[in-house]
Amino acid sequence: MFPLRREVRKGKIMQRVMMLGLLSLCSLEDVKRKRLTVIYILMFGIGGMVLHLFAPVCSIYSILWGMLLGLAMILLSIATRGNIGMGDGILLVVTGVYLGGANNLQLFMMGLVLSALWSLGLLVLKKKSRKEEIAFVPFLLLSYVIMLFWGV
């Protein structure tokens with residue numbers, strides 16, 4: 001086996017472990033406090049950049065496209081005066097570093113669908129009203145686990 005391929009494989013394994021760690025930590029925090037600690041997210045972001053320096057998994061252009069989704073979420077958070085969480089946007093910037101554009105979009109869209117289904121269930125069962133917030137990051141974690149089983 002070529003040494004470069006071995007490094008890419010190690011990079012993918014590290015990427016998966018770091019993504020699972022990031023999303024798990026943020027999920028717990030989002031469920032308990034309804035807030036995300038930005039410093040943890042930024043530390044994982046720096047770790048992702050360092051990982052790509054030594055074992056690149058995707059191109060720099062893909063990384064930038066992946067980060068763009070998170071930047072769009074941050075702008076939406078500002079435009080809606082916080083109805084969409086700023087922490088979710090910052091988290092999506094960092095997941096873009098790890099996953100690249102297409103996979104980060106897949107993560108986000110799958111998370112939206114899962115959270116919509118969950119919210120619909122809560123509304124039908126009258127457990128929550130339309131105005132109540134739910135944590136979004138656990139749905140990103142579930143989406144990522146599903147993506148891993150699909151072989152992303």
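Analyst: **Helix packing around H4**

H3 and H4 are roughly antiparallel to each other, because their angle is about 175°, and angles over 145 degrees count as roughly antiparallel, under 35 as roughly parallel, 65 to 115 as roughly perpendicular and the rest as oblique. The model is predicted: local features need pLDDT of at least 70, side-chain atom pairs count only at pLDDT 80 or more, and totals for chains, interfaces and linings use all residues. Residues are numbered from 1 along each chain as its sequence is written, and side-chain values use heavy atoms, without hydrogens or water.

H3 covers residues 60-79 and H4 covers 86-99 (helices are DSSP runs of H or I, at least four residues, numbered from the N terminus). The axes of H3 and H4 lie 7 Å apart (lines fitted to C-alpha atoms over the stretch in contact, with angles from 0 to 180 degrees between N-to-C directions). On the H3 side, Ile63, Gly66, Met67, Gly70, Leu71, Met73, Ile74, Ser77 and Ile78 meet Met86, Asp88, Gly89, Ile90, Leu92, Val93, Gly96 and Val97 of H4 (contact means heavy atoms within 4.5 Å). This contact has eleven nonpolar, five polar and one charged residues (Ala, Val, Leu, Ile, Met, Phe, Trp, Tyr, Cys and Pro are nonpolar, Asp, Glu, Lys and Arg charged, and the others, Gly among them, polar).

H2, residues 38-54, also packs on H4, at an angle of about 15° and with the axes 8 Å apart. H2 is therefore roughly parallel to H4. From H2, the residues Val38, Ile41, Phe44, Gly45, Gly47, Gly48, Met49, Leu51 and His52 touch Gly87, Ile90, Leu91, Val94, Val97 and Tyr98 in H4. Ten nonpolar and five polar residues make up this contact, with no charged ones.

A further partner is H5, which spans 101-124. The axes of H4 and H5 come within 7 Å of each other and cross at roughly 135°, which means that H4 is oblique to H5. Leu92, Thr95, Gly96 and Leu99 of H4 face Gly101, Asn103, Asn104, Leu107 and Phe108 of H5 in the contact. The residues there divide into four nonpolar and five polar, and none is charged.

In review, H4 meets H3 at about 175°, H2 at about 15° and H5 at roughly 135°. Ile90 of H4 takes part in the contact with H3 and in the contact with H2, while Leu92 and Gly96 of H4 take part in the contact with H3 and in the contact with H5.

Note on methods
Helices (H or I, at least four residues) and strands (E, at least two) are DSSP runs, numbered from the N terminus.
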